[in-house]
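Biologist: I would like to learn how to read a few features of a protein model. Could we take them one by one?

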Amino acid sequence: MVEKFLEGKGALITGGASGFGRGIAIEYAKRGADIILVDINEELLNETCKKIEQEYKQKVIPIVCDVSKSEQVQDMAKRAFKELDNIYILNNNAGIGDLYGPDLLRIKEDIYDRIMDVNLRGQWLVSKYVCKQMKSQKFENESLSGKVIHTASIAGMVVDLKLSAYTLSKVGIIAMVKMLAQSLAPKITVNAISPGYHITGIYNYSEDAMKATMDDGRVKTPLNRMGTVQDVANISVFLASPLSNFITGHNIPVDGGIAEVGVPANYIKSEI
Ligand SMILES: NC(=O)c1ccc[n+]([C@@H]2O[C@H](COP(=O)([O-])OP(=O)(O)OC[C@H]3O[C@@H](n4cnc5c(N)ncnc54)[C@H](O)[C@@H]3O)[C@@H](O)[C@H]2O)c1
């Protein structure tokens with residue numbers, strides 16, 4: 001049995017139809033939260049919402065939205081607060097991996113733009129239109145009025161030449177978290193989670209695809225296994241809980257040690 005510390009609270013999760021977003025939604029629902037799941041993939045979104053609602057008996061509301069489009073994000077935010085007047089947690093998680101390979105000098109402009117639009121502009125737009133209303137809320141027995149959790153990446157900590165635009169977008173998220181943490185203090189905490197290599201929709205749920213990427217970059221993981229959705233969902237639960245109330249402005253890697261004490265992706269050919 002888990003403690004239902006999220007009873008009476010709502011959580012809005014972008015990129016919620018699949019991968020980390022879905023895993024986080026399940027963990028929050030288990031702890032009593034009502035949920036708004038936001039995603040661009042309508043079919044998968046409806047399927048995920050239905051499953052979580054049936055299994056955990058919480059309200060789970062789907063909102064279709066492309067987070068890179070300002071009008072859609074503004075409409076989504078209005079609808080979200082109409083559906084739930086107690087959004088305490090925002091998981092700013094939607095993101096795309098897109099193309100693997102070309103460095104910054106070779107990447108096509110349209111691909112660069114799409115990655116930056118979804119990954120960086122998208123998370124910025126969602127915070128811009130959701131956090132203001134969160135800040136004005138009051139929760140009984142709570143010193144805070146909300147918690148924002150961004151999904152960054154270890155590519156934002158150690159540059160990955162073959163994920164060039166992706167890397168820039170995630171460096172941006174880690175910087176954005178520090179700025180938002182200042183703007184929203186002392187009412188809302190803002191932190192990032194930086195996953196390493198985890199099997200999700202971004203790798204088409206293929207262990208082989210992810211292993212090939214890791215082999216190509218000669219990645220070595222001190223904890224000697226691949227990451228899971230659960231690894232990230234567990235830290236998100238911690239950041240959503242009162243146990244993390246004195247943590248803001250930080251980026252927490254969940255990567256088996258790759259970024260800090262392992263070997264992150266590198267493509268330098270020299271062996272000496
Ligand atoms: N899987 C990993 O190893 C890994 C590592 C580091 C960071 N991340 C980050 O984790 C986050 C979640 O990705 P995931 O790995 O769970 O992949 P995923 O593909 O399983 O989930 C991402 C979800 O975001 C949705 N999405 C994509 N573009 C969108 C848009 N414009 N508007 C709204 N929704 C959109 C997708 O439809 C999908 O449901 C991303 O920000 C990603 O960059 C993943």
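Biologist: Where is N141 found?

Modeller: Helices (H or I, at least four residues) and strands (E, at least two) are DSSP runs, numbered from the N terminus. N141 sits in the loop between α4 and β5 (146–151). This is a predicted model, where local features need pLDDT of at least 70, side-chain atom pairs count only at pLDDT 80 or more, and totals for chains, interfaces and linings use all residues. Residues are numbered from 1 along each chain as its sequence is written.

Biologist: What is the phi of N141, and is N141 buried or exposed?

Modeller: Its phi is near 60°, a positive value in a residue other than glycine. A residue is buried if 20 or more other C-beta atoms lie within 10 Å of its own, exposed if 12 or fewer, and partly exposed in between, with C-beta atoms placed from the backbone. N141 is exposed because it has 6 other C-beta atoms within 10 Å.

Biologist: What about R218?

Modeller: R218 is not a glycine, yet has a positive phi of about 55°. R218 lies in the loop between α6 (207–216) and α7 (229–240). R218 is exposed, because 12 other C-beta atoms are within 10 Å.

Biologist: Which residues does a cis peptide bond join?

Modeller: That bond joins A185 and P186, with omega about 0°. P186 is in the loop between α5 (164–184) and β6 (188–195).
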